[in-house]
Structures are given as C-alpha cells and as structure tokens.
Amino acid sequence: MALAEELHAREHAARFERPARDIERLRSQKKLLVRERIELLLDPGTPFLELSTLAACMAYDGIVPGAAFVSGIGIVMGREVLVMASDSSIKGGAWYPLTVKKMVRSLDIAIENRIPVIHLVDAAGAFLPLQSDIFPDRYMGGRIFRNQCVLSALGVRQVALVLGHSTAGGAYVPTLCDYSIMVRGTGGVFLGGPPLVKAATGEDVSANELGGADVHSSVSGTADYAVDTEQEGIALAREIVGTSPRQKKAEVDRRESEEPYYDPEELYGIIPDDIKKQFDMREVFARVFDASLFHEFKPDYGTTAVCGFAYLYGWKVGVLGNNGVLFSDSAKKLTQFLQICNRDRIPVIFFQNITGFMVGREYEHGGITKDGAKMLMVQANMDVPKLTIMTNGSFGAGNYAMCGRAYDPRFLFSWPNSQISVMGMEQAGRTLAEIRLKALAREGKNLSEEETQKIYEGITNDYLEKSSAWYSTSEIWDDGVIDPKDTRKVLGIALSVALNREFGQSFHGVLRI
Amino acid sequence: MRRCIELLGHRYEVSLNGPTGKWIIGIKDRHPEAASITIQGNSSFILALGEDNLPMEIARAGEEVFIQAFGRNFRLKILDPVEQAAQEAGSKGDTARAPMPGVVVETAVRPGDIVTRGTPLMTIESMKILTVIKAPRDGHVTKVHVEKGQAFEKNAILVTLGEGRERPL
Amino acid sequence: MKEIRKVLIANRGEIACRIMRTLDRLGIPSVLICHPCEIQGPAARLAPEVVEIDGDPPVSAYLDVEEIIKACKTTGADAVHPGFGFLAENSSFAERLKSDGISFIGPKPESIELMGNKLKAREFCISLGIPVVPAEQEGRGFISRLKALGFPILLKAAAGGGGKAMHEVMEEARLKETIKLAKEEALRYFGEGSVYGEKLLRDPRHVEVQILADRYGSVVHLGERDCSIQRRFQKIIEESPAPGLEPELRQELLSSAVKIAKEAGYESAGTVEFLLDGQGRFYFLEMNTRIQVEHPVTEMVTGLDLVEQQIKIAAGEPLFFTQKDIIIKGHAVEARLYAEDPESDFQPSTGRILILRLPEGSGIRVDHALEKGMNVTHAFDPMLAKIIAHGQDRQTALDLLGSALGKTVILGVTTNREFLERIVGHPTMRAGDIHTGFIASNNLKAPQLEDHQREMLLAAAALVSRQFTDQEFAVSEPYAAIGDWIN
C-alpha cells in the first residue's frame with residue numbers, strides 16, 4: 001500500500017512537476033503541454049495506459065523524468081493507438097540515451113503488436129554531450145527510423161503531428177509516417193536547422209522559410225497538411241485515424257466479461273512485506289481475472305507452480321504463477337501447460353515470484369537443468385501472445401523460464417515491491433562482499449569488524465537499489481511499474497493490444513527429453 | 001464519440017459512448033446518463049434520458065438536426081472538430097496560392113471585401129481549364145496580387161487575407 | 001358580358017394553387033406561369049398547363065409583362081388572374097391586357113391607378129369626407145411642414161405598399177437622413193422616389209373592410225378583418241370579425257368602405273384599410289385593389305369564394321346577392337407561417353423542408369404550396385403557408401388555431417411557428433387587446449431553456465446523428481469497461 005502510494009507520488013512528479021519557467025516558455029509559444037495534447041487526442045472517457053512513466057527516473061540525476069517522452073496506449077476514434085510524444089517541458093524534449101531506448105521500445109511494441117502510432121513531435125534534438133550513447137549502436141537512434149520503416153511495410157499506420165522543431169535525424173520521424181500534419185509557426189522539419197545551414201553554406205534563412213508548415217505542405221511535399229493551431233492539428237489527426245479500418249483482433253476463445261468477485265484492493269494485504277515470505281498466487285489470480293474464476297491444471301503435481309485457465313475481459317488466457325522454487329516436476333507441469341496453450345491459441349500470462357530452480361546433487365541428478373531447458377525451449381518458441389507481471393522476486397534462471405524481458409513478452413509490468421537480480425540479494429551481497437574483502441586482504445589490509453560491515457552494507461545497498469523496481473523501470477527493463485490493484489486493467493489493455501497481431505504458427509525447438 | 005453541438009448560439013461538448021442500445025450520454029460538466037431514442041414512425045421519436053421520456057419530432061440533414069419538442073423548434077448543428085478548432089483559433093491561412101501556373105480570367109474580390117471560407121476569389125485558366133480560387137478561411141481581402149489577364153507561376157500568392165472578419169478602416 | 005374560358009395565373013406558390021382550385025371547381029382551365037427553378041414545385045405540378053418564363057432573379061419572371069402576354073396568346077388564355085403582389089396592382093399591366101383583349105381579373109386600370117397612388121387616394125377620401133391620417137406631401141417646406149405635424153412621423157412611398165420602404169422617424173434629428181433613405185428605397189422597390197410623411201399613430205389598430213363591387217354599381221361589404229398583429233409593418237395574424245369593435249364604429253367603417261368603392265366606380269374585390277386610434281377615431285389608410293393574403297378569414301365567416309366572385313365580376317356578371325344576404329358566421333383567425341427567425345429580428349431563413357406535417361380537420365384550412373424536400377430560398381417571399389381556423393366564437397377559433405399550430409411540423413427551415421403559437425395563446429391576445437404595437441409591447445420571447453430540456457435536445461441530436469452513433473467509432477472492450485482511467 002505504501003509502495004503504491006510512493007508509485008503514484010513518483011508518477012505524479014514525473015508527469016507534472018516542472019519548473020514554472022519551462023511551462024511559461026511553452027505557454028508563450030502557444031504550445032500545449034504534452035498531457036494536454038494527449039487528452040485532446042484521445043476519445044473522452046477512455047483509458048490511457050502509459051508505458052514506462054518512470055523511465056530515467058534514477059538516471060541523469062533525475063532531471064529527465066520519463067526520459068522526456070510519453071508513450072502509451074489509448075483510443076482515438078474507437079481505434080487502439082500507441083501515442084509517442086516528446087515532452088518539451090523537459091530540456092525542450094531533447095533525446096537522452098534512455099529517450100531513444102524508450103522510443104525504440106515503443107516502436108518495438110508497435111511492430112510486435114501491429115498497433116498504429118501517433119507521433120507528437122516536439123523535440124529539441126539529441127542531447128549532444130551523450131551522443132555516443134544515442135547514435136551508433138544497433139538499438140540506438142537509427143533503430144527508431146528503421147522501426148518506422150518496418151512498421152510501414154507491415155501495414156501499420158503512422159500519423160505525425162509536428163508541434164515543434166524536428167531536426168536532423170528527428171526530421172525523419174514525421175517524414176516516415178503515412179500522414180504528417182504540421183502546425184504553422186511552431187512546427188518545423190529540417191535536416192539541418194537554420195544555424196547549421198548558416199554555418200555550412202552561409203545561407204541566412206528563417207526556420208519558417210526553411211522548413212515550416214506551408215513550405216512542407218505546399219512546396220516540398222515533406223508534410224501533408226498545414227494547420228494553424230495544435231487543436232486543429234489534433235482534430236485532424238483524429239479524423240485521419242478515423243479513416244483507417246478498425247483493427248481486427250486475433251480469434252481467441254471469448255465469453256461475456258465479468259469483474260472479479262474479490263476486490264483488487266485486497267492485493268495490498270496479500271503482498272508480503274518481506275521478499276522472502278511466500279504467498280499463494282491463486283489469491284492474486286482471484287483479484288485479476290473474470291469472476292475470480294480459475295481452472296487449475298494438474299493441481300496436485302509440481303505444486304510450487306500454479307497454472308490453469310482464466311478469463312480476462314472475456315478472453316480465455318493461460319495463467320502461470322510461482323508458489324515457490326521451481327522443481328523438475330513444477331517445470332515439467334508448466335512446460336506441458338504451455339504446449340496446450342500454444343496449440344489451442346490461448347494467450348499466456350506469467351506471474352513471476354521466483355527465486356530460481358532448485359539446486360543440489362539430488363536435483364541435478366534428477367535433471368533439473370534439462371527440465372528448465374525444456375521450459376525455456378517451449379516458452380521461447382511459443383507464438384501465442386505472452387504477458388508478464390513481476391509480482392515480487394525474480395531471480396536467476398527463474399526469470400528466464402517465467403518469460404522475463406529477454407523472452408519477448410509483448411508487455412512486462414512490475415509491481416512496485418518487485419525485485420530483479422541474478423540471485424537473491426543476501427547471497428549476492430555476501431558473495432560480492434567476500435570477493436571484495438579477499439581482494440583487500442591480498443593487498444595486506446586488515447579490516448575491523450566495523451569496516452567489514454560497512455563494505456558489506458555499501459555493496460548490499462547498491463545491489464538493492466539496482467534490483468529494485470524503480471531502477472528496473474528507470475532502465476526500461478519493463479514497460480512500467482503498476483499499482484497492483486490495476487493489474488487487471490493493465491493486462492486487459494495489454495492483451496487487447498497483443499491480439500492485433502495474428503498468431504498460430506508453431507515453431508518447435510528440440511527438447512532434451 | 002465526442003463532438004460539439006451548437007444550440008441557440010452556444011456550444012456544448014457532448015459525448016456518446018457504449019454499444020448501440022446502451023448509450024451513455026455525457027454533456028460536459030454533467031453526470032453521464034443512459035439515453036436512448038425510439039422511432040415512432042416518420043419523424044416522430046421518443047427520447048429517453050435518465051428517468052424521463054419525451055416525444056420529439058426530429059429531422060437531420062448532414063450536420064444539422066432539427067427538433068420540435070415541448071412546443072418549440074430548434075436547429076442544432078454538430079460541429080466538425082477540425083473546422084471548429086480552426087474557427088476557435090481564428091485560423092490564419094492567410095494566402096490563396098496558385099495550384100498551377102496560369103492566367104487570371106477574372107477577379108471576384110477587391111481589397112476590403114469580406115469573405116467566408118469558400119468564397120470565390122478569382123477564376124484562373126491553366127492548361128485550358130478554368131479553376132476557381134476560393135478563400136481558405138473567413139476574413140477580409142487585403143491584397144489581390146494579380147489582375148485580369150496577368151500570368152503567374154505555380155505557388156504564386158494570388159490573394160492575401162487579413163486577420164479577423166472586420167473590414168479595415 | 002364576356003365569358004372567361006381560360007385563365008392564366010400570373011403568380012406562384014400558395015395563391016396560385018388557391019386560384020387554380022377555384023378555377024378547377026368552376027370548370028375553367030388554368031395556365032400557370034412558372035420560373036424554371038419552381039418547375040418541379042407543387043404549384044407547377046398541380047397546374048394542367050405551365051408556361052416557363054425564365055428570369056434572373058427568379059421573381060423577375062413573374063413581373064415579365066411581355067412574356068406573360070405572349071404566354072396568354074400561345075395558350076389561348078383570355079383572362080389573367082394576378083393574385084397578390086407581383087403585377088396585381090400594376091395599372092399599366094392591366095392596361096396592356098385590355099389593349100390585347102385579355103381580361104384582367106381585378107379592377108379597372110383607373111381604379112388601380114387612383115388607389116395605387118397613396119396621395120391621390122388620400123385626396124379622394126378627403127373629398128368624400130372620410131378621415132385620413134394627417135400627412136404632408138413632398139414639395140416646398142416639406143421638412144418644416146413635417147415638423148409642424150409633430151413626431152413620430154411615418155415616411156411612406158407614394159407608390160408603395162406591402163410594408164416596404166416605410167420608415168418611422170421618432171425625432172427631428174434623424175428626419176433628413178431618413179427621408180433620403182426612404183426615397184432611395186421607394187425608387188428601388190417601386191421605381192418612383194416620391195414619399196410623404198404621415199403622423200404616426202401610437203399603436204393603432206389595423207382594421208380593413210372587404211368589399212365586392214360589380215360592373216353595375218352594386219357594392220357590398222363582407223365584413224371587416226382585424227390585422228393588427230404585425231411585425232415589420234407586415235401582418236402575421238388576421239381575424240374576422242374584429243374583436244371588441246363598437247357597433248357604431250364598425251358600421252361607420254363598413255359604410256365608408258362601401259362609399260369609397262362606389263364613388264370610385266370600383267369593380268372586383270377590394271379592401272379598404274383603416275387605422276383606429278384608441279379614442280374611437282378612424283382614419284382611411286389605403287385601398288388594396290386585389291385579393292388579399294388574408295382573404296380566407298372572410299371566406300370562412302361568409303362562406304363565399306372571393307376568387308370565384310372576382311372571376312364572375314370580371315366576366316361581367318352582376319353580384320347575385322345583396323348586402324342583407326351576407327351573414328357573418330362565427331369567427332375566423334389566420335396565422336401566416338413564415339420562413340423566418342423571430343429570435344433574430346424576423347430575418348428570413350432558408351433550408352430544405354425535411355419533414356412536413358400540416359394540420360387538418362374540421363374548421364381548419366391550410367393554404368400552401370409546400371412539399372417535403374422542397375428548398376426554401378431567398379428567391380421568393382418567405383411566406384410558407386397560411387393556417388386558418390374557424391370556430392363559433394373567437395375563443396374557439398383561437399383554441400383551434402393554437403392546436404393546429406402545435407400539430408404543424410415543418411423541419412429543415414426555421415419558421416415562426418412557435419412564435420405564432422405564443423401569440424395565439426397570449427392572454428392579451430385572448431382578451432382581444434390588440435393593436436399594431438402588440439408584438440413590440442408584449443413579451444413573446446422564447447422562454448429560457450431549462451437545463452434538462454437542453455440536455456434532452458443535445459441527447460436527441462447525438463442519438464440520431466451518425467457522427468455520434470457510428471459503431472465504426474465505438475469504443476470496444478476492455479476500454480469501454482475500464483472507462484476514464486490512467487495507470
């Protein structure tokens with residue numbers, strides 16, 4: 001509960017807390033704030049699932065909240081869209097490394113889920129001091145435009161609304177869209193802005209003359225529509241979205257939706273205050289799925305894992321959760337269940353609370369590694385949509401088996417109490433501290449009890465911070481931290497988005513039986 | 001769906017959501033209510049809003065809806081959101097440009113003339129085709145750049161419109 | 001006596017339909033002239049024979065004397081009924097017809113000439129000892145004579161009529177400029193710029209007398225009509241008999257009207273208009289030498305068909321009844337339905353008639369030329385229809401008219417329907433306390449819309465509009481179930 005409150009406080013700060021000076025600057029330019037733009041864009045009375053709200057919240061000394069970028073799923077003219085919007089109230093919407101990461105991830109979501117994108121372009125350009133972390137690598141700047149091209153080829157529509165300057169590489173964002181609307185006066189698209197032109201060729205040209213709305217809509221053809229105000233542009237963007245066909249959802253077994261019988265708020269009481277304390281994942285399911293119904297598969301076998309069928313807003317889903325460490329039998333049960341889901345076109349949702357696979361001679365002899373590998377093989381090669389919720393711990397190979405970030409769940413969300421690391425904090429802290437102390441001992445330093453404790457604490461604090469949900473979401477290892485009570489809504493939207501892409505192809509890896 | 005509806009000179013933001021037959025009407029600053037309408041034949045309808053039922057005569061033509069109810073007649077207009085945003089912002093779009101090179105056949109306005117969006121400004125001839133150049137927005141003509149018989153290039157500014165709808169002094 | 005065998009109707013709309021109905025009943029074939037823009041209209045479709053006359057603007061077709069005479073010749077029409085407006089009070093048109101051997105269904109050109117010029121008509125009445133409103137004509141000292149008359153003053157075109165080019169002058173300061181304006185308008189509307197100034201009576205009643213006169217000197221009156229409910233000097237509600245009129249005064253009006261017609265050697269149907277001040281005095285206003293828009297109220301209370309009488313008189317038949325045969329039965333009220341917006345100064349409105357439902361039933365008469373789908377444009381007069389109710393007494397007639405107006409449904413163009421309904425239901429109207437200032441001095445504004453009413457209207461508009469209801473734009477699950485929410 002306290003963590004949920006902390007989450008909302010952090011979200012509020014990331015969304016709204018800005019220096020008055022920056023707000024005034026935008027107001028004086030007759031610009032709307034990014035959230036006002038989004039509100040005007042979306043259908044009234046419809047939800048907005050914001051993604052990675054707290055991206056970069058623990059990076060760059062916290063001065064680039066949300067990575068100066070808003071991304072989320074909403075409804076425009078009854079159609080599901082992904083909104084990607086620069087937040088020009090932060091550093092003029094400049095691109096930081098995590099901004100680029102967030103944009104690339106958003107476009108990956110669009111590609112994976114075939115969801116149309118509306119770009120609200122208003123960015124100062126790349127943050128030059130960090131250009132080496134922005135520009136060159138595979139998943140950096142170029143990937144944004146590459147992803148846009150891929151989206152276009154997949155038939156996924158993109159609409160751009162140019163509400164500010166969009167310079168250099170950024171100029172390609174609207175230009176690669178199917179429809180580009182520019183606002184007169186404030187909107188500008190140029191490969192090289194006026195200062196660069198002046199420096200390069202000595203030509204003196206105003207931004208408007210160089211790449212303003214009228215130039216691009218009537219001379220160069222780089223944009224398609226020129227409008228006088230943001231409001232007009234947003235209305236036009238809505239109309240354009242309305243002209244595209246509605247998404248067809250992949251066929252999935254569906255029945256009438258029903259709210260859970262148990263109150264989702266009770267989840268606060270179910271989540272333990274200590275990461276080491278166990279809880280029954282069935283209690284979570286009862287507060288997420290339709291009518292709190294859950295058909296459990298193989299209930300008496302491999303009981304440290306729970307799996308079965310449930311309905312989410314009417315859609316049938318396969319649900320997997322951990323009630324303890326994974327043994328061979330629990331892994332085999334989940335693997336078998338995953339195969340059923342994949343064959344029967346049932347999307348799967350993983351609820352991670354996993355300390356890992358059981359270790360020890362008995363288990364190695366029993367083939368625990370082999371059984372874990374089977375689960376990975378089946379899970380990784382599934383074609384049905386996968387969604388993952390980090391409910392508590394996520395350590396070691398359990399993270400992989402339960403569809404961690406590397407296994408391409410269509411969406412992955414974390415509860416604020418959750419932690420991720422290669423192993424549990426205590427073991428890891430002890431291991432790291434021992435390595436450190438041994439190194440110091442080799443250097444001939446004898447440490448007092450107190451000094452030893454201090455080193456140990458330093459290491460564990462750092463470890464704890466980096467395994468926290470806040471750090472995780474700051475680095476965009478997930479698609480956002482969510483309030484546990486909102487899990488149903490978030491999963492509902494995520495599943496609806498995921499169903500935009502047809503599935504049903506089966507790929508089988510070789511299982512080590 | 002959300003739209004503004006004009007009634008008796010005022011604009012109201014109205015939204016209608018839900019599956020057909022289970023509509024929820026939302027009028028800005030009001031509590032959303034269930035609403036339905038049943039046709040009674042020809043133009044007669046019964047509107048149900050919340051607890052109330054009311055017979056009405058309704059006819060619709062494009063964006064206009066004509067209603068006779070409680071002994072009175074009303075003309076409502078559903079505004080096009082793009083046009084509305086343009087209007088509310090006092091849209092600028094202050095030039096009419098040549099879509100192709102050509103010659104002026106006739107000018108239809110003079111500086112100072114009040115025009116509304118779509119008012120013919122001049123007729124041009126290009127490639128033996130006559131084209132009417134229309135006002136891009138409401139306003140007044142500040143300058144006609146080309147006269148009858150004059151030739152111009154593509155994208156040449158033909159007419160400039162001034163701010164506001166008032167005639168300059 | 002010259003038999004009338006075929007009548008050309010030099011008019012349009014409801015009056016053309018109304019004339020055709022009588023001709024049809026009398027077994028006389030009719031020919032209608034029609035501007036191409038109305039050729040698909042109800043009047044043209046009702047007409048057995050139509051002659052198209054083009055013109056720009058469209059009204060000019062109905063004023064095109066040469067084409068009309070040509071149409072008479074090609075169709076063999078031997079008489080013209082001019083209806084009202086257009087050429088109805090044009091003496092030279094009547095003259096032209098006469099010289100071409102075509103009967104004009106109306107008075108002699110001299111009568112039109114005499115009564116058409118307001119100043120001559122005044123002189124004539126003065127010579128008969130009938131009171132006229134004090135007035136001054138243009139000429140030497142016009143301004144100072146007007147000042148001596150005292151304000152307020154009403155400026156009128158000498159050749160005018162129909163409420164056009166009339167201007168009130170409330171104070172001296174505006175006198176000169178208003179004269180200029182009135183002269184300009186008079187020239188524009190009537191082709192003649194002379195005006196005169198009349199003492200403006202404060203809120204007088206407008207009462208007029210319908211007369212019929214044959215070629216042989218018989219003149220009868222068909223009672224009076226009160227046409228006091230006016231806006232922009234134009235009548236919108238008329239009734240017969242006039243409510244609460246002193247019998248002596250009424251008798252004086254009736255006999256004055258008959259006297260004027262007789263002395264003028266008038267023939268055909270005509271109307272003598274009077275103004276009544278609050279002190280029991282009356283003044284001759286003008287004489288209309290044609291059928292009036294409001295003639296149905298007289299027809300309802302007398303049972304006579306005035307168009308039939310006009311035709312018979314024009315054919316040279318004598319009146320077959322005398323004054324004592326005329327019996328006024330009950331009370332009739334007419335409301336003129338206009339395409340206009342009472343909430344914005346009665347500006348004419350336009351649109352397409354999407355829904356049309358006119359009242360019917362015993363005691364109700366509707367004269368119109370409307371149909372679903374027709375366009376109401378600025379090309380012609382904005383009068384859409386006349387709804388007339390006839391009852392045993394005034395209250396019954398008003399009740400009937402009120403309910404008829406309530407049942408009238410015209411959607412697609414703004415009308416004065418509800419405004420008329422408010423007048424008919426107004427207590428002052430009910431009390432018969434009417435005068436030409438009625439509309440200005442009574443609150444007839446639309447009542448403030450209640451919040452709930454407004455919501456109902458908005459909801460209805462949304463529910464019938466595709467912009468709102470298109471399932472193409474509906475919000476599907478789970479979004480609809482989640483509603484307004486942000487994580």
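A salt bridge here is a side-chain nitrogen of Lys or Arg within 4 Å of a carboxyl oxygen of Asp or Glu. The idea behind it is that side chains of opposite charge can pair when their charged atoms come close. Glu472(C) and Arg79(A) form one, with the closest N and O atoms 2.0 Å apart. Glu472(C) sits in the loop between α17 (466–469) and α18 (479–482) of chain C, and Arg79(A) sits in strand β3 (residues 79–86) of chain A, so this pair joins two chains. Helices (H or I, at least four residues) and strands (E, at least two) are DSSP runs, numbered from the N terminus.

Before I go on, some housekeeping. This is a predicted model, where local features need pLDDT of at least 70 and side-chain atom pairs count only at pLDDT 80 or more, while totals for chains, interfaces and linings use all residues. Residues are numbered from 1 along each chain as its sequence is written, chains are lettered from A and ligands numbered from 1 in the order in which they are written, and side-chain values use heavy atoms, with hydrogens and water left out.

Back to that pair. Are its two ends buried or exposed? Arg79(A) is buried, at 2% relative accessibility, while Glu472(C) is partly exposed, at 30%. Buried means under 20% relative accessible area, exposed means over 50%, and partly exposed is in between, with a 1.4 Å probe and protein chains only.

How many salt bridges are there over all chains? The count by this rule is 84. I will show two more. In chain A, Asp43(A) bridges to Arg238(A), and their closest N and O atoms are 2.8 Å apart. These two are 195 residues apart and link distant parts of the chain: Asp43(A) is in the loop between α3 (34–41) and β1 (49–51), and Arg238(A) is in helix α10 (residues 230–243). Asp43(A) is buried at 4%, and Arg238(A) is buried at 6%.

In chain C, Arg422(C) meets Glu343(C) in a salt bridge of 3.6 Å, N to O. This pair also links distant parts of its chain, 79 residues apart, with Arg422(C) in helix α13 (residues 417–425) and Glu343(C) in the loop between β16 (340–341) and β17 (347–348). Glu343(C) is partly exposed, at 39% relative accessible area. Chain C also has a network of salt bridges, whose members include Arg18(C), Glu299(C), Lys312(C) and Asp367(C).

Next, strands. Two strands pair if DSSP finds at least two bridges between them. Take strand β9 (residues 195–199) of chain C. Why is it called largely enclosed? Four of its five residues are buried, so the rest of the structure largely encloses it. Which strands pair with β9(C)? Strand β6 (residues 135–137) of chain C runs antiparallel to β9(C), joined by three bridges, and there Glu136(C) stands opposite Gly197(C). Strand β7 (residues 153–157) of chain C pairs with β9(C) over five bridges, also in the antiparallel sense, and Leu154(C) has Glu198(C) as its bridge partner. As background, in a regular strand the side chains alternate between the two faces of the sheet.

Chain B gives another case, strand β14 (residues 139–144). Strand β11 (residues 114–115) of chain B is joined to β14(B) by two bridges and runs antiparallel to it, with Val115(B) partnered by Gly139(B). Four bridges join β14(B) to strand β16 (residues 157–162) of chain B, again antiparallel, and His140(B) stands opposite Gly162(B).

Now the backbone. Most residues other than glycine have a negative phi, and most peptide bonds are trans. Which peptide bonds here are cis? One is from Asp56(C) to Pro57(C), with omega near 0°, and Pro57(C) lies in the loop between β3 (49–52) and α3 (65–75) of chain C. Another is from Glu477(C) to Pro478(C), with omega near 5°. Pro478(C) lies in the loop between α17 and α18 of chain C, which is also where Glu472(C) lies.

As for phi, Ile476(A) is not a glycine, yet has a positive phi of about 60°. Ile476(A) lies in the loop between α19 (469–474) and α20 (487–498) of chain A and is buried, at 4%. Leu8(B) has a positive phi of about 50°, and is not a glycine either. Leu8(B) is in the loop between β1 (2–7) and β2 (10–17) of chain B and is partly exposed, at 49%.

That is the end of my slides.
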